[in-house]
Amino acid sequence: MRVTKTAAFAAAISLAAMGAQAGTLEDVKARGELNCVVTTGLAGFAAPDENGRWEGFDASFCRAVAAAVLGDGEKVKFVPSTGKTRFTLLNSGEGDILFRNTTETMSRDTDLKLNFLPVNYYDGQGFLVRSDLGVTSASELDGASVCIQTGTTTELNLADYFRANGMSYEPVNIETNEEGISNYSANRCDVYTTDASGLASTRAALEDPSAHILLPEIISKEPLGGATRHGDDEWSDVGKWVVNALIIAEELGVNSTNIGELCGAAGNNPSINRLCGTEGDMGSMLGLDAQWAVRAISVAGNYAEIFDANIGPQTPLALERGLNASWRDGGILYAAPIR
Amino acid sequence: MSEVAIPPQRNAISRLWNDKETRSVIIQIVATVLILGFFAYIIRNAVDNLAAIGKGFSYKFLWQPSSYDINQHFIEYSSRSTHFRAMLVGLLNTLLVAVAGIILSSILGFTLGVLRLSKNWLTNKLAYVYIEYVRNVPVLLHILLVHGIIVHSLPVPKNAINFNDTAFLTNRGFFTPAPEIEPLFWAVIGLFVGAIVFMLWFKQFAQKIQDETGKHYPVALIGVGTIVILPLIVYFLLGSPIVWNIPELKGFNFKGGMVIRPEFIALWLALSGYTAAFIGEIVRAGIVAVSYGQTEAASALGISRGRTLSLVVIPQALRIIVPPLTSQYLNITKNSSLAVAIGYMDVVATIGGISLNQTGREMECMVIVLLIYLVLSLLISAAMNWYNNRIKLVER
């Protein structure tokens with residue numbers, strides 16, 4: 001007993017049981033709970049509501065994976081993380097999967113040993129300014145003080161943008177979004193910059209949202225997606241296909257209300273049948289049962305439903321689908337087919 | 001159990017074990033090995049695990065461009081500079097706030113300590129209330145509070161508080177004229193350094209004369225004259241060889257001149273004010289610990305009040321004050337790492353923050369930050385121990 005305790009303690013304060021070994025899927029099934037790394041709280045993406053229940057775009061993807069693997073979308077333990085700790089939490093095995101509005105980049109994919117899941121939100125870095133400054137374009141920001149929420153690739157994009165355009169600026173690097181907003185609203189900075197989705201969330205939370213505008217320039221590509229750690233391809237596949245299934249469900253018109261009807265028995269559309277598990281043997285290829293996708297879609301709906309419920313035009317964030325519309329509707333959201 | 005009681009045929013190990021001194025040595029060796037083994041295991045485990053996911057321990061990233069900007073830098077720095085240079089910039093910012101904090105907290109602390117001993121009821125109680133309030137609120141809250149007050153209450157650059165069109169106070173900093181030094185100014189600097197060297201010699205000389213003849217020179221007054229007034233006269237005689245670069249409002253911000261940023265001011269004031277409360281109590285304890293009989297003896301010998309304090313009370317009080325003062329200086333240095341909360345770009349915010357985040361090298365960056373604080377703390381300790389040795393009681 002003492003030996004186990006000491007060993008557990010040693011493992012905990014060292015970098016913990018590292019996750020290079022395969023078998024995360026078995027681990028999650030045996031544990032009966034999915035550990036999902038999310039933000040410490042970003043309205044619309046992942047934040048606890050008044051009852052302490054995690055809600056949001058990213059949280060819904062966590063629940064969809066839990067439903068596909070464990071059969072119950074509530075069997076998720078949300079692991080809050082800062083920009084600094086997110087990859088350590090994932091790589092150390094504290095989390096099984098990460099959905100934390102995280103940009104897929106080459107160095108993260110290779111050097112940080114992550115496997116990125118399909119992009120679930122196409123974002124880009126933007127600028128939030130007070131409307132009374134009279135600024136209409138980011139090219140007029142020469143000499144401005146810029147508040148940056150540190151802990152992302154934001155500093156790099158900003159430095160590159162101002163350098164490429166031959167402009168100067170005063171960076172004010174703030175650790176948390178709350179302190180960043182406080183500085184921006186106190187006029188310590190002329191500009192607040194982070195991903196456009198985050199700015200929409202920030203603007204919605206300001207005292208008078210209409211007194212602030214998002215500048216039209218988007219200065220970076222920020223494809224946001226989930227991630228798993230290197231070395232466990234089976235588990236990465238599970239994450240990848242759950243995300244794809246939610247996107248495909250929208251393409252096929254399958255949503256949480258009509259899914260019982262469409263997936264009750266095999267119909268005429270083979271694509272829907274394969275998604276529903278009423279035809280073929282897709283689930284077992286993933287190491288799951290035939291109903292995996294049905295459960296994933298039932299818990300929070302398809303991609304469109306998740307988007308609309310958390311960040312869409314009807315929510316305080318009021319984000320348009322834009323690039324994130326399905327490819328059928330002029331967007332670039334395009335998932336590989338299930339077959 | 002005496003030595004005689006041990007039968008000679010007993011084996012060597014049990015004899016060693018029965019000897020009290022050897023036993024304690026053995027236990028110490030075993031304990032050391034166990035502790036070192038434990039840490040070796042943890043480090044090994046971390047390195048192995050990093051290697052297992054293919055992340056070797058490497059400092060190559062230090063020579064890559066940092067790709068981010070820092071608002072306060074005392075050495076040449078841009079987003080094309082290396083992560084190593086970003087670390088140096090951060091280190092200098094840490095040093096600045098630590099040194100400035102140590103100076104201000106000492107001044108405030110000594111004042112508070114003396115006020116606490118004042119016979120005036122009001123000053124005494126005011127100091128008491130200040131100390132109790134400040135000591136019992138976490139320093140992070142002080143920092144956030146002071147920063148909040150500065151950025152929320154001071155005006156924006158457009159409505160800056162204007163000091164005669166040369167200096168401007170805004171919530172983005174205190175903009176002051178920056179000196180641009182002309183070659184002739186080095187003559188003034190040379191004179192200033194020379195004056196200090198001269199005064200160091202003169203102080204010893206004056207002491208010698210006093211020891212021999214009892215004649216007392218006003219060393220402090222002569223010091224001010226040579227070190228401050230003489231260089232000032234020469235400065236004006238040379239036609240003020242400094243050009244002042246005056247800040248001007250252009251676009252969003254003031255351009256030109258120097259700026260003291262609100263992040264620095266907030267961190268500096270909050271850390272100093274917080275640590276001063278502790279220093280005040282240390283100083284009070286040190287002075288109170290010198291027996292009142294010493295003061296009475298001094299006045300019986302006809303020594304003036306001021307010289308009683310500087311020759312009798314303070315030297316003895318310092319012996320009690322300096323050791324705990326050292327840990328306060330260490331605290332202020334370490335607490336400066338809270339800078340990251342308000343966006344002051346210290347060593348934690350640069351190499352331990354943005355660099356870490358951009359390169360994903362958590363272990364490497366944290367080791368650097370750890371070593372920097374360790375070295376800084378050891379240097380401060382060494383300096384204070386040297387000072388403590390100098391002033392400690394000379395036993396004859």
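In the contact between the two chains, 40 residues come from chain B and 42 residues from chain A, two residues being in contact if their C-beta atoms, placed from the backbone, lie within 7 Å. On the side of chain B that touches chain A, the elements giving two or more residues are α2 (20-52), α5 (139-153), β7 (253-255) and α11 (347-359) of chain B. Here, helices (H or I, at least four residues) and strands (E, at least two) are DSSP runs, numbered from the N terminus. The largest share of this side, seven residues, is given by α2(B).

The model is predicted: local features need pLDDT of at least 70 and side-chain atom pairs count only at pLDDT 80 or more, while totals for chains, interfaces and linings use all residues. Residues are numbered from 1 along each chain as its sequence is written, with chains lettered from A and ligands numbered from 1 in the order in which they are written.

Turning to the strands, chain B holds an open sheet of four, ordered β1-β2-β3-β8, with antiparallel pairing; two strands pair if DSSP finds at least two bridges between them. Because β1 (161-163) and β8 (258-260) of chain B stand at the edges with a single partner strand each, one side of each is left without a neighbour in the sheet. Within β8(B), M258(B) is the bridge partner of T176(B).

Finally, chain B is divided into domain 1 (3-52), domain 2 (83-172 + 261-391) and domain 3 (178-245), with bounds from an automatic or database domain assignment. Between the C-alpha centres of domain 1 of chain B and domain 3 of chain B lie 62 Å.
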